Amino acid sequence: MRWKTGRQSSNVEDRRGGRSGGGGGGMKIGLLGTIAAVLIGWYMGFNPIQVLGLVGGANTILGGFGGGSSTQTVATGVPQDDAGKFASTVLASTEDVWNPVFRQLGGRYVEPKLVLFTDSTDSVCGYSTAATGPFYCPADQKVYIDLGFFRELQNLGASGDFAQAYVLGHEIGHHVQNLMGTTDEVTRLQNSMSKTDGNALSVALELQADCYAGVWAHHAHKQFNILEEGDIEEAINAAGSIGDDRLQRMSGRRINPDSFTHGSSVQRMEWFQRGLKSGDLKYCDSFKS
């Protein structure tokens, strides 16, 4: 991926190196060696902290909002290390794509913040550790990520810088959904549904975010020629590596489509490619397909 010549976004909160405390005074869970927690956390649709009972009131991306207090050192602006620069540059690319897309739709794109943290952090959506994985909090319009997650992504068989960019593009896709009112509508509908039907809506929401990541990649390459040979394969491989069916199999669980919250490997790859090939939001209506 050609990213080093791109501009960097200043919409970054760098909490790495800061200290965070949180509701319940729970222990911190390091990222390395926590693949199992990642499997049942970010990918399976709930926060492992809540399951482990480490922190009261932790919430999923579409759940209620709460959280504890924190004291952290926060640096704003452009990070100076390579990992931070990469994340900041990818964020800038999403801004450069989604701003004109929203203008064409007659709306305004509100640029989200990207929060970089180490081990654990607080958000309006609750207290989270690195094991939760990258997530978007609709209530504060911020994407949170411990960049060490990319090492776990490699452990899952998805390597390469564009695989990492896809992850960020997916989370920004959730921000797009939030701005368009999709997230609120899904949450409203889920409140009156069975768990199985609610999971189906969660899958549709996640697949649409994958499609939006593809839309971003389409326009970013068209505008800035960011893609190199093998990049598309990296992103598709990443999408396939984090399908619910594969992750259930890796965790020793029986594959149960009714419990899916993010979609199968095939579905995730398919919806990313839809957005990538078309570059058009109208092809991303995963709720009708």
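## Nonpolar cores

In the largest nonpolar core, which has 54 residues, Trp98, Phe162, Tyr166, Trp216 and Phe272 touch the most other members. A nonpolar core is a set of buried Ala, Val, Leu, Ile, Met, Phe, Trp, Tyr and Cys residues joined through side-chain atoms within 4.5 Å; buried means under 20% relative accessible area, with a 1.4 Å probe and protein chains only. Two or more residues of this core come from each of helix 3 (82-104), strand 3 (113-116), strand 7 (142-145), helix 4 (149-155), helix 5, helix 7, helix 8 (231-241) and helix 10 (265-278). Helix 7 gives the most, nine residues. Apart from this core lies another, of six residues, including Phe117, Cys125, Phe135 and Tyr144.

Beyond its neighbours within four places in sequence, Phe162 is in contact (heavy atoms within 4.5 Å) with Met1, Trp216, Ala217, Ile226, Leu227, Asp231, Ile232, Glu234, Ala235 and Phe272.

## Basis of the model

The model is predicted: local features need pLDDT of at least 70 and side-chain atom pairs count only at pLDDT 80 or more, while totals for chains, interfaces and linings use all residues. Residues are numbered from 1 along each chain as its sequence is written, and side-chain values use heavy atoms, with hydrogens and water left out.

## Overall make-up

The protein has ten helices and seven strands, taken as DSSP runs numbered from the N terminus (helices H or I, at least four residues; strands E, at least two). Of its 289 residues, 56% are buried. Among contacts with a separation of 6 or more, 78% join residues 24 or more positions apart.

## Enclosed space

There is one cavity of 30 Å³ or more. A cavity is a set of points on a 1 Å grid over the protein atoms alone where a 1.4 Å probe fits but cannot get out, and lining residues have an atom within 4 Å of a point. The largest cavity holds about 50 Å³, a volume being the space filled by probe spheres set on the points.

Its lining consists of Ala87, Val90, Leu91, Thr94, Leu114, Val143, Leu168 and Ile172. Helix 3 supplies the largest share of this lining, four residues. Seven lining residues are nonpolar, one is polar and none is charged.

## Helix 6

Helix 6 (residues 182-190) has Thr182, Thr183, Val186 and Gln190 as its buried residues. Seen down the axis of helix 6, these fall within an arc of 100°, so they line one face of the helix; the arc is that of the directions from the helix axis to the C-beta atoms. Their cover includes helix 5 (161-179) and helix 7 (195-224).

Note on methods:
Buried < 20%, exposed > 50% of the residue type's maximum accessible area, 1.4 Å probe, protein only. 1 Å grid on protein atoms, 1.4 Å probe; cavity = no way out; pocket = protein on both sides within 12 Å on 5 of 7 lines; lining within 4 Å. Nonpolar A, V, L, I, M, F, W, Y, C, P; charged D, E, K, R; others polar.
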